[in-house]
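Trainee: Could we go through the pockets and the ligand site of this structure together?

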Amino acid sequence: MKKIAVLTGAGISAESGIKTFRDSNGLWEEYRVEDVATYEAWVRNPALVNEFYNQRRKQLYDAEPNAAHYALAELEKKFEVQIITQNVDDLHERGGSSHVLHLHGELKKVRSTIDPQLVYTLDGWELKLGDKCEKGSQLRPHIVWFGEAVPLIEVAAEISAEADIYIVIGTSLNVYPAAGLLNYVRDEVPKYLVDPNASPMPWMRNLKIIREKAGTGVPALVNELLARE
Ligand code: OAD
């Protein structure tokens, strides 16, 4: 079976009603990264940071996967598919994908502030200040904040290097190291980028840009790939 790796960003969940970060009306217009998405912010104002992620988590409970998430699960009929997502939602899993690597963490999980191995799935949407891990330290969102290491990046780089087909969906490719994963993909590998606002990337070999929303562009691409195999 050929291996397909799929790198996704906020755009794939936009049609599920989850805001992207850098589009107009995106989350980073409403909030400053330094106020809600860094470890320093958490130390300075844990209530604000916690509330930001509680709100995101609450919205996630009302969101459903869209046609793009479901279509990616269909690819598993004929390919070995590995999703690498920058998203912290669980819409790929709920859409039926079996192998999902969360580069930037997972919204429904929380972890200990003294032992990063202690990760828990939260019951419901609300983490409260005062909720503690079994070693007695405050729980924090299981999110990779700006300035923090991305523990799964090497695994993601390996998956990218081994792919026979590479698909990128709904990411502005602004945030490193995730954006650098494309550099690990072999030159001869067919690459697809589905994003209505994609910029040209003339240096990228064998890249086809599909300037459509994920909800229409991804199912069409998936049908094409399934028909070809
Ligand atoms: P961005 O908000 O930077 O980019 C979203 C991309 O989705 C843009 O390129 C849009 O054109 C595209 N888009 C919008 N609607 C779409 C649709 N319906 N279908 C397909 N594409 C659409 O989001 P990311 O690139 O995911 O990190 O951002 C990367 C990281 O920056 C996030 O994981 C997050 C953020 O700060 C952390 O919080 C650590």
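Trainee: Which strands each supply at least two residues of the lining of the second largest pocket?

Mentor: Happy to start there. This is a predicted model, where local features need pLDDT of at least 70, side-chain atom pairs count only at pLDDT 80 or more, and totals for chains, interfaces and linings use all residues. Residues are numbered from 1 along each chain as its sequence is written, and side-chain values use heavy atoms, with hydrogens and water left out. Strands are DSSP runs (E, at least two residues), numbered from the N terminus. The strands you want are β4 (105-112) and β6 (139-143).

Trainee: Which strand gives the largest share of that lining?

Mentor: The lining of the second largest pocket divides into seven nonpolar, four polar and three charged residues. Here Ala, Val, Leu, Ile, Met, Phe, Trp, Tyr, Cys and Pro count as nonpolar, Asp, Glu, Lys and Arg as charged, and the others, Gly among them, as polar. The largest share, three residues, comes from β4.

Trainee: And around the ligand, how far is a ligand oxygen atom from a polar backbone atom of F21?

Mentor: F21 is among the residues that come nearest to the ligand, as are R22, T171, S172 and D195. On the nitrogen side, a ligand atom lies 2.9 Å from an N or O atom in the side chain of E15. For the oxygen and the polar backbone atom of F21, the distance is 2.7 Å.

Trainee: How many charged residues are in the shell around the ligand?

Mentor: Nine residues of that shell are nonpolar and nine are polar. The charged ones number five.

How values were computed: Near = heavy atom within 4 Å. Polar contact = N/O pair within 3.5 Å; in protein donor to acceptor, adjacent residues only side chain to side chain. Helix = DSSP H or I, 4+ residues; strand = E, 2+ residues; numbered from the N terminus.
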